Amino acid sequence: MSLTMAQLAVFLTLLSSVAALVFVKKPRFMINVSFFLLGLSGLVAVSAGGMALLGNQVEQTILPVGLPWLHVCLHIDALAAFFLFIVGFVTFVASCYGPSYISRHADDGAHAVSTLTFFTGLFVAGMYLVLLAADAFSFMIAWELMSVASYFLVAYQHDRAENRSAAFIYLLMAVVGGAFILLAYGVLAAFGDGFSFVSMAKAHLSPTWATIAFALAFIGFGLKAGIVPLHVWLPQAHPVAPSHISALMSGVMLKVAVYGFIRFVYDLLGGVQWQWGVLVLLVGAISALMGVLYALMQHDLKRLLAYHSVENIGIIYIGLGLSMIFAATDHKEVAAIALVAALYHCLNHALFKSLLFLGAGAVLEQSGQHNMEHMGGLIKKMPVTAACFLIGCVSICALPPFNGFVSEWLIYQAALQGTVLKNGILGTALPITSAMLALTGALAIACFVKVYGVVFLGLPRTEKIEEAHEVPRGMQFSQIVLAISCLVFGIFPTWTANVLNVIPQKLLGAGFAGVNGESWLWLTPINTQTASYGALPVLIGLLVSWVVVYFFLHPPTRDNSIRIAPAWDCGFGPLNARMQYTATSFAMPIRKIFSFAWHVSEKVEPARIGKGPHYFLHVSDWVWMYVYAPIGKIIHKVAERTARIQGGDLRIYLCYSFFTLLFLLWVIV
Amino acid sequence: MIALYATLFFPFAGALLLGLIGHWKSAKHVNIVFCVGAFIAAGMLALDVFSNGPILSDGKLFYIDAFNVYLILLNAFVGLTTSIFSGPYMSHERDIGRVGDKRMRLYHSMFQGFLFTMLAALSTNNLGILWVAIEAATLTTVLLVSLYRTHESIEAGWKYFIICGVGISQALFGTILVYFASAKVIPGHEDGLLWTVLQLHAANMDKGVMALAFVFLLVGYGTKVGLVPLHNWLPDAHSEGPTPMSAILSGLLLNVALYALVRFKMLADPALGNHLAGNLMMGFGLLSFSVAGILLHRQYDIKRMFSYSSIEHMGLMTFAFGIGGPLATFGALLHMIVHSLTKSAIFVTVGQASQIAGTQVISKIRGLIRSNPAVGWSLLLGTCAIAGFPPFGVFTSEFLLFTATIKSYPWLVLPLLVGLAVAFAGLFRNIQPMVFGEPPEDQRKVPVNMWPVFIHLALVLWLGLAIPTVLAQWLNQATIMIVGQGVL
Amino acid sequence: MLIASLSMPEQVTLTLSALILLSSFLLLAQVRVDSLINTFALQGLLLFFATLAIAFISGKYDLLISAALTLGLKVIFIPILLRRLVVQLDIHREVEVLVKPSLVMLFGGGLVLFSYYVSLPITELSLLSTRNTIAISLAVVLIGMLMIISRRKAVSQVIGFMSMENGLFFAAVVSTFGMPMVVELGIAFDVLVAVILFGVFFFHIRTEIGSLDTDRLNRLNEVDK
Amino acid sequence: MTGWLFALVQTLCVVLFAPFLAGWVKWIKCKLQNRQGPAPWQPYRDLWRLSKKQVVLADVASPIFRAAPYIVFGATVVAASVLPIVSTQLPTAALADVIVLVGIFALTRFFLALAGMDVGTSFGGMGSSREVTLSSLAEPALLMTFFTLAMTVSSTNLSSAVAYLSQAHFTLAPSLIFSFMALLLVAVAETGRIPIDNPATHLELTMIHEAMILEYSGRHLLLMEWAAMLKLTLYSILIVNLIVPWGISLTLEPQAIALATVSVLGKLLVLGVLLAVSETSQAKMRLFRAPQYLGMAFILSLLGMMSHIILEVR
């Protein structure tokens, strides 16, 4: 049943693509139809995932396509269902957002928009299919479909050269990642006969080969998930896509990569080794820290958010690493906590990152630019967006009582069980990573204070901001939905964790006991004495105290009117927008303190006649400078050398074949 | 039987007739008509073979089995679609005065002649005739390469002629050696080169001679396949000739040469009893694959670039045949189809693109999607297909090939993957600016006929999603013939 | 095997094959275009006689047909055609400068040794008593290739190509008493067409670059881009 | 039920007591600098005056600016309610463990910083920037301290931790020593005292917390000030109850509670004196030396956890 619905969802997405082609001539109508179908598919996927997850169903079916001896095999289980839920939900929201967002593109030629909707459909279909695939072949097809379709979405606004190069780098790294994944599957297939997941799960690998397979999968899926140092495509590709696509890519596609990793390591490979866990843990911690540090230095709003995706993927990987370590050392309950934490964070990040990207899209549409330094004061122009964006910021900063906090809290709880480990390396790895996680969280707060303060608060920095106004209903609606769900998943963690608990039960053979402990109010991973978090009571406490204080301070006996007056300007004439702190100046102290993390080039041009002083700041990515750029150079050099064999001289060409012949004769005789 | 002779007759007659009337306005239609005839005949032949198995003509001159029947069908098909494309293309070339009546006649006649030689090479049972036909294919195309009579085209034609001539002579020497070896085991002076006879006695033929013979054949036919370092003629010939010719060169000739090579490998393997032939082919394949991939980064001419990608893919197929084993062989056979479909489609598109931009220089072709969406998208999608993205068929074959490699030679996968990534980067860094962005003003409006491309890409897509049973059966039988066991 | 132990026709065959080898060395050394063509015709003639001899030794009289083909094609038609061409192109008096002729000669000698060394496994099996002629034919093929490599003029390259064909033909004759007739005819036809096309190309190259110096055909490359 | 009632009362008490502690510290400082300082209960007078004043709001101020004081104060009150002060039998402690406590403090800081950015004066931005910078260093150190504690007592629940510490016979655990030193350093930074920040100054080059609330007036200012005092009190209570937990009652019997209350009050006053002494004896450091100070705290806390893992687990 749930699988049938999932297939229906896929069908609907494909239908929306078809609609994009059919109604090419009538763009506005096409947009509505195709986004309606997309949203419908999202709902269907949500319900399919929900059913399968709550009912903990496992279904399988075989479609009469694919290789003659290996037909496409689809399945759905708790893990796939959970991610299907996420994908479906964000798809639904994005397709509520999309129409009014891209209708402005309807003017620049019908083809452009139909391209966008066409590939959006394929992209979502690809993600669904990745989750449903039950054999390596169809998995790879779906995976690459996802990559290619999203490539066309990234390249959508292809007039600007940097968008093109971003798309190129994105696709290139997608290709490399796909190759690694293919290899990983190939290793499994070579040991256990056949490409179906069932037979792969049966494969018996020697520890060495298992580690090789793991490394391949780690790199392959990591390239898509965007862990440091494989993240360079992410901050380039995500910002240039239209915002609802960025939401889908950043909020969902990265999760699909995480799904692939979990599926491969826990389900297919099995026999987790603790060294893998340590690797995942450390890479995750580094990704989290570097992600937030780079995010702090950005002033392109969407690029900043993209770097935060790197950070959050890092947090998810920390959770996975912990669970792998505990699973390998046979502490299944703790492993379950960590795994649930990771999954929970997948859900949360999908919610608040989509929310933030949609909000960013609204802001971009109104302010007409990506650069935060030219925004400001938008909270008065677009209150709804501002409110939702605020909720998004609070959630991503992992502040109670919103959802981001729950998952990080669970990760901390899992990390604090590190004392049960007998291994010194692990014992030290855990605290270090939790320290980095703590640092990450604190820096994230700094970063989002900067974002919100610079974009929404203070004085408008350009005239365009002055005539900004609230976005259309559809865009508001989707943001509100996401904001509410951020709160809901924040204050009902016990319920969520209970539902998620079936996944570790399936993958590890044990869920965590304490979750359905004393009361549904208390989220208690182990037991109440050890740790507990009552999200709803905290929220109620906050509300109550606010209300009490409010009435205490507003006695009816006194007039509580407020006098509006200009802000105090130290007597230097009125305040203007150029006086307030910019994003750059706000982040300056942190830039000074963590100067090791970036390659900062700073230049001050003194004032000259007719020209005021200028300050140039360029913060660039170490990884790009010292890993990727050199590779490009090397390839160029090698190509230059190799080109000499095509020198244009006929007789030399003949020499090649002549000496090849002689050589071969000499070899065989 | 009738179908077989019809398949050969149509292009032959077409060559003769068009040699007389090739300059007429209606010549392009006549051209298409003959191709249609050949295609229908080939289709009937295929049905015949499918229903009652391999056909051996009386006189034993022709032999159709699962290995060559699908290639014959493919040739007839690609020939047909290319002829459809070549109509408007060539008349535009004539309008802008690049070719005159005489050369139009030459072009049309040689087009059919080339198809004839290809079909003959595929359908013959006599390895000597196989050589004759492939040499004849060189002769028919050499004047097409230099059709434009520019310095470059003459140069390309001359290099093509000399290098392939010299190479193919080595193939002849190899054939003589095979004949020599067979003469020891096979009674009857005339049957000594008949495939049907040879394959029965392959195991008893002399080891040393067959080894020598295979080396000569590898160098000889390898030159035609375009294996590095014997490939140098290929980019020149592909880039300088008229585009329809590049399409069939890349789509058909290379395939046929590889077909010949594999036939001889099937003889050499039982005779040698070791993996020598396979190893040689793997070595050449890998070398061609990597060199072509890296050279994609130095391209300035769009057709040259795609001819290098042809070298890369031929290298891949050679490598796959070299590995042997059912999975790899099946993949290689499939790759022959999808590559020739995709590559000919790409060359057709490239032809349109270069006519639109009025040049073949990559840096001057810009913003195709804006100026002519059909061409731009076809180019982009075709490149995606050839780069091995699903759901296109190239992905399927490469998937099979890689997994087979992992099974038998795990460490060889790394160069393959590196090569793949490098080649991909080389292709896309050139393609993106051509299709994306704003078009320059001086682009011309040309009559484009993209149906061949759409059909080809649709077929490749279909093969990527599901391989029809008929084809699967043929490929499987061919695999059984080549390596002794199938995948189904 | 002692040459004395062989019958007279076999001795004749051996001598002829030696002469054929010599002729291709002559080709390698020849600098004047017209004498190049003559030498080529001479080689064809020797090939014709060798074929006859082997036909008589083996008693395979269908070899006579291929002998006739050789005579008609390699001795009469091609040389005449080439001569007319060079006269028309007015290059029959041209003298080509050889680079390090002595070195090329030495290399040719090395090739003879090499081909002997390579063709040992074949010669073991040959029915023909004059079996080492196979080594000679391989040598002729390789020397023909060497000639194409070492020459710059299109005509000389074509003649090198043709002498390769001679080598192949000789190989077919001495190793297997010729190919099946249909193949023989096909090959002959191909050679015929090839020569005509070469003729066409001479004119094109001449009109394009003003001479037949193929080293000036080097525009298509990947280096200086 | 009595437990919940008790928690409510205790929260009220600590909220009401907070201004006195602030006043006490200030008073001691004045005495140490032999000045005629204001009486310890002066803060009550200030707050009362503020509550009567009319609010003057900057015209560019947004709803965030008006909501922030309530959020900040309310969150701090919630934090106060989950802290075991005189008894470990605190039902509310189950609502939020120590990580949640840190989270709640972070929440207050988030909105405080936003409020600073809101009016668009350069002071506010400067204050928020400095605040988040410093806290981004302080917060990890604080968390690490709590982690070490949690690992030792194998619980992140504050009341069970305090109970464990108060019952455990005195052990000289290096991990705890390091952690408590770190806790002291962080607490000084977090509560905005010398040498990191100076609650008394309004000099734009030095002020951090004051810069953020510069635009506030009337009841908004009252809430902000009170929240700051409350925060100081909470940190002091944390310190005294974790470092010298003896005397806290493990039950809810009245006399035990009375005893505990006395002891806690005593400890707090002593701590206030110590704070005053340290503030008098040193000067505020430059902003860019603060990172070293906090880095020191971070290293200490990390050392604490390391030494726990390496030396004490087995």
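A residue is called buried here if 20 or more other C-beta atoms lie within 10 Å of its own, exposed if 12 or fewer do, and partly exposed in between, with C-beta atoms placed from the backbone. The model on display is predicted: local features need pLDDT of at least 70, side-chain atom pairs count only at pLDDT 80 or more, and totals for chains, interfaces and linings use all residues. Residues are numbered from 1 along each chain as its sequence is written, while chains are lettered from A and ligands numbered from 1 in the order in which they are written.

**Chain A as a whole**

Select chain A. Of its 669 residues, 62% count as buried. Its secondary structure comes to 25 helices and five strands; helices (H or I, at least four residues) and strands (E, at least two) are DSSP runs, numbered from the N terminus. The radius of gyration of chain A, taken over C-alpha atoms, is 27 Å, close to the 26 Å that the globule rule gives for 669 residues, so chain A is as compact as a globular protein of that length. That rule is 2.2 Å times the number of residues to the power 0.38. Along the principal axes, the C-alpha trace of chain A spans about 110 × 75 × 60 Å.

**Helix H5 of chain A**

Next, select residues 136–154 of chain A, which form helix H5. The end C-alpha atoms of H5(A) are 26 Å apart, in agreement with the 27 Å that its 19 residues should span at 1.5 Å a residue. The expected span is 1.5 Å times one less than the number of residues. In H5(A), 19 of 19 residues are buried.

**The loop at Gly192(A)**

Move to Gly192(A), in the loop between helix H6 (161–191) and helix H7 (197–201) of chain A. Gly192(A) is partly exposed, because 19 other C-beta atoms lie within 10 Å. Leaving aside residues up to four places away in sequence, Gly192(A) touches Ser199(A), Met200(A), Lys202(A) and Ala203(A); contact requires C-beta atoms, placed from the backbone, within 7 Å. Gly192(A) and Lys202(A) are 10 residues apart in sequence and 6.2 Å apart in space, C-alpha to C-alpha.

**A helix pair**

Display helix H8 (residues 207–225) with helix H10 (residues 243–269) of chain A: their axes come within 8 Å and cross at roughly 170°. H8(A) is therefore roughly antiparallel to H10(A), a term used for angles over 145 degrees. Among the residues that meet are Phe214(A) and Phe221(A) in H8(A), and Phe261(A) and Phe264(A) in H10(A). By class, this contact has 13 nonpolar, one polar and one charged residues. Ala, Val, Leu, Ile, Met, Phe, Trp, Tyr, Cys and Pro count as nonpolar, Asp, Glu, Lys and Arg as charged, and the others, Gly among them, as polar.

**Between the chains**

Now show every chain. Of the four pairs of chains in contact, chains A and D share the most contacts. That contact takes 68 residues from chain D and 61 residues from chain A. On the chain D side, H5(D) gives the most, with 17 residues. The residues of this side divide into 40 nonpolar, 20 polar and eight charged.

Turn to chains A and C, where 14 residues of chain A are in contact with 15 residues of chain C. The chain A side comprises eight nonpolar, three polar and three charged residues.

Conventions: Contact = placed C-beta atoms within 7 Å. Axes fitted to C-alpha atoms, helices over the stretch in contact; angles between N-to-C directions. Parallel < 35°, antiparallel > 145°, perpendicular 65-115°, else oblique.
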